[in-house]
Amino acid sequence: MSHNILEVCVDSTASALAARAGGADRLELCADLAVGGTTPSAALVWQVKAETGLPVRALLRPRAGDFCYDRWELAQMEALAAELVAAGADGIVTGVLTPAGDLDLDAMQRICSSARKAARQAGRPVVVTLHRAFDVCRDATLCLEGACELGLATILTSGQAASAWEGRALLARLQQQAAGRIEILAGAGVNARNIPALVRETGVTACHLSGKKRIPSRMVFRREGVPMGLPGFDEFELWQTDSDAVRAARAALDALSD
């Protein structure tokens with residue numbers, strides 16, 4: 001019986017534990033999921049590894065926004081790749097594009113080399129995932145070949161659409177093009193309800209979701225009207241992974257493997 005992979009994206013230890021309780025195979029760990037995710041701290045990587053024991057792939061993204069980085073950001077990314085692996089990350093999830101919209105092979109190679117060197121020093125393997133920078137690249141076919149050339153393990157993609165379901169036609173083509181050389185990980189709007197049709201129509205065997213729910217802040221005293229950041233962002237509401245949503249997705253995937 002084949003096993004379909006369920007990856008859950010989390011940005012806290014509480015969410016990581018909820019993902020594990022729901023049956024996640026592995027975690028993508030980030031900070032600031034509300035803005036699409038940024039690089040987590042080494043302390044968070046270490047803690048999530050210690051608390052969950054699951055494979056952890058750490059996001060390497062220095063800021064929100066596009067995936068075209070200046071030389072200072074790229075130098076940080078190269079250094080952080082090694083730090084994240086040293087902290088216990090089993091994988092790095094990243095992506096760099098050129099201004100023309102192609103995969104920046106030189107920058108990616110430097111980041112991969114840094115991560116792999118750190119993994120050798122730690123005496124364990126590391127994998128690299130190309131994240132959804134892929135979804136805003138100029139040529140998906142060319143980008144997939146570049147990812148294979150770099151020896152990447154996974155491409156996280158919605159099929160260059162707002163959701164994986166909307167991008168299912170391209171996901172199916174990517175799965176065929178990959179031909180077992182690289183894992184196509186379907187992400188964006190993936191949940192227990194659409195997993196069966198998504199897997200059936202695309203042939204993908206790996207799904208990615210965050211399964212978030214809103215939970216109220218534990219603050220009893222609340223100073224209202226003093227915003228800390230994004231307009232309209234509620235400081236007294238947290239987003240956290242819902243173990244029930246993960247459990248339902250796990251059941252939907254397992255049913256397809258029977």
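## Ground rules

The model is predicted, so local features need pLDDT of at least 70 and side-chain atom pairs count only at pLDDT 80 or more, while totals for chains, interfaces and linings use all residues. Residues are numbered from 1 along each chain as its sequence is written, and side-chain values use heavy atoms, with hydrogens and water left out.

Helices (H or I, at least four residues) and strands (E, at least two) are DSSP runs, numbered from the N terminus. For accessibility, buried means under 20% relative accessible area, exposed means over 50%, and partly exposed is in between (1.4 Å probe, protein chains only).

## Salt bridges

Side chains of opposite charge can pair when their charged atoms come close. Here a salt bridge is a side-chain nitrogen of Lys or Arg within 4 Å of a carboxyl oxygen of Asp or Glu, and the count by that rule is 14.

Take arginine 168 and glutamate 201, whose closest N and O atoms sit 3.0 Å apart. This pair links distant parts of the chain, with arginine 168 in helix α6 (residues 168-178) and glutamate 201 in helix α7 (residues 195-202), 33 residues apart. Arginine 168 is partly exposed because its relative accessibility is 27%, and glutamate 201 lands in that class because its value is 46%.

Next up is arginine 214 with glutamate 237, where the closest N and O atoms are 2.9 Å apart. Again the pair links distant parts of the chain: arginine 214 belongs to strand β9 (residues 212-216) and glutamate 237 to strand β10 (residues 237-241), 23 residues apart. Arginine 214 has 53% relative accessibility, so it counts as exposed, whereas glutamate 237 has 27%, so it is partly exposed.

Aspartate 244 and arginine 247 make a local pairing inside helix α8 (residues 243-257), three residues apart, or about one turn of the helix. Their closest N and O atoms are 2.7 Å apart. Arginine 247 is partly exposed, with a relative accessible area of 39%. Elsewhere, salt bridges that share partners tie Glu7, Arg26 and Glu183 into one network.

## Pockets

Rolling a probe the size of a water molecule over the atoms shows where empty space is left. On a 1 Å grid over the protein atoms alone, with a 1.4 Å probe, a pocket is an open set of points with protein on both sides within 12 Å along at least five of seven lines; lining residues have an atom within 4 Å of a point. Grid points are joined across faces, edges and corners, and a volume is the space filled by probe spheres set on the points.

The largest pocket holds about 550 Å³ of space. Its lining comprises 24 residues, and Cys9, Leu33, Arg132, Ala188 and His208 lie nearest the centre. Both β8 (206-209) and α8 supply at least two lining residues each. By class, this lining has twelve nonpolar, eight polar and four charged residues (Ala, Val, Leu, Ile, Met, Phe, Trp, Tyr, Cys and Pro count as nonpolar, Asp, Glu, Lys and Arg as charged, and the others, Gly among them, as polar).

For the second largest pocket, the volume is about 450 Å³. It is lined by 18 residues, with Asp11, Asp32, Phe233, Leu238 and Trp239 closest to its centre. Strand β10 gives the most to this lining, with four residues.

## Strand β1 and its partners

Strand β1 (residues 5-10) is mostly covered, with five of its six residues buried. Two strands pair if DSSP finds at least two bridges between them. β1 runs parallel to β8, joined by four bridges, and leucine 6 stands opposite cysteine 207 in β8. β1 also pairs with strand β2 (residues 26-29), in the parallel sense over four bridges; there, valine 8 has leucine 27 as its bridge partner.

## Two single residues

Glutamate 73 lies in helix α3 (residues 71-86) and counts as buried because its relative accessibility is 14%. Contact means heavy atoms within 4.5 Å. Leaving aside residues up to four places away in sequence, glutamate 73 touches Pro62, Arg63 and Cys68.

Proline 196 is found in helix α7 and is partly exposed, at 26% relative accessibility. Not counting residues up to four places away in sequence, proline 196 touches Ala252 and Leu256. Cysteine 143 is 53 residues from proline 196 in sequence and 27 Å from it in space, C-alpha to C-alpha.
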